[in-house]
Amino acid sequence: MTVLRNHDGRLETIVIASNGRSPVHCWQHEPNGDWAKRQSLEGWSVRALGPGFREF
């Protein structure tokens with residue numbers, strides 16, 4: 001899982017889906033606010049997400 005804070009204070013996260021392969025992206029609508037629905041990044045490889053991404 002990777003969690004990042006945007007310049008406006010909102011959090012974004014990328015995790016590996018239960019299939020063990022597809023990344024899933026989710027973000028806050030506003031700082032300390034509700035979260036958006038998860039969005040599949042199917043077709044992206046974990047390596048394409050960059051060096052800050054870590055699998056757990």
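This is a short chat about a predicted model of a protein.

Student: What does the secondary structure come to?
Tutor: Zero helices and four strands. Along the sequence, the pattern reads β-β-β-β.

Student: What order do the strands take in the sheet?
Tutor: The order is 1-2-3-4, in an open sheet with antiparallel pairing. Strands 1 (2-5) and 4 (39-40) are at the edges, and each has a single partner strand, so one side of each has no neighbour in the sheet.

Student: How many bridges join strand 3 to strand 4?
Tutor: Two. Strand 3 covers residues 23-27, and the two strands run antiparallel.

Student: And which residue stands opposite histidine 25?
Tutor: Glutamine 39, in strand 4.

Student: New topic. Where is glutamine 28?
Tutor: In the loop between strand 3 and strand 4.

Student: Is glutamine 28 buried or exposed?
Tutor: Buried. The relative accessible area of glutamine 28 is 5%, and buried means under 20%.

Student: What does glutamine 28 touch?
Tutor: Leaving out residues up to four places away in sequence, glutamine 28 touches Gly9, Arg10, Leu11, Gly33, Asp34 and Trp35. With leucine 11 there is a polar pairing: a polar atom of the glutamine 28 side chain lies 3.0 Å from the backbone nitrogen of leucine 11.

Student: Zooming out, how many of the 56 residues are buried, as a percentage?
Tutor: 29% of them.

Student: What about the accessible surface?
Tutor: About 4,500 Å² for the protein, with 49% of that belonging to carbon and sulfur atoms.

Student: Last one. Of contacts between residues at least 6 apart in sequence, how many join residues at least 24 apart?
Tutor: 16% of those contacts.

Conventions: Residues are numbered from 1 along each chain as its sequence is written. This is a predicted model: local features need pLDDT of at least 70, side-chain atom pairs count only at pLDDT 80 or more; totals for chains, interfaces and linings use all residues. Side-chain values use heavy atoms; hydrogens and water are left out. Two strands pair if DSSP finds at least two bridges between them. Buried means under 20% relative accessible area, exposed over 50%, partly exposed in between (1.4 Å probe, protein chains only). Contact means heavy atoms within 4.5 Å. Accessible areas come from the Shrake-Rupley method with a 1.4 Å probe; for residues, only the protein chains shown count as cover. A polar contact is a pair of N or O atoms within 3.5 Å; within protein, one must be able to donate a hydrogen and the other to accept it, and residues adjacent in sequence count only if both atoms are side-chain atoms.
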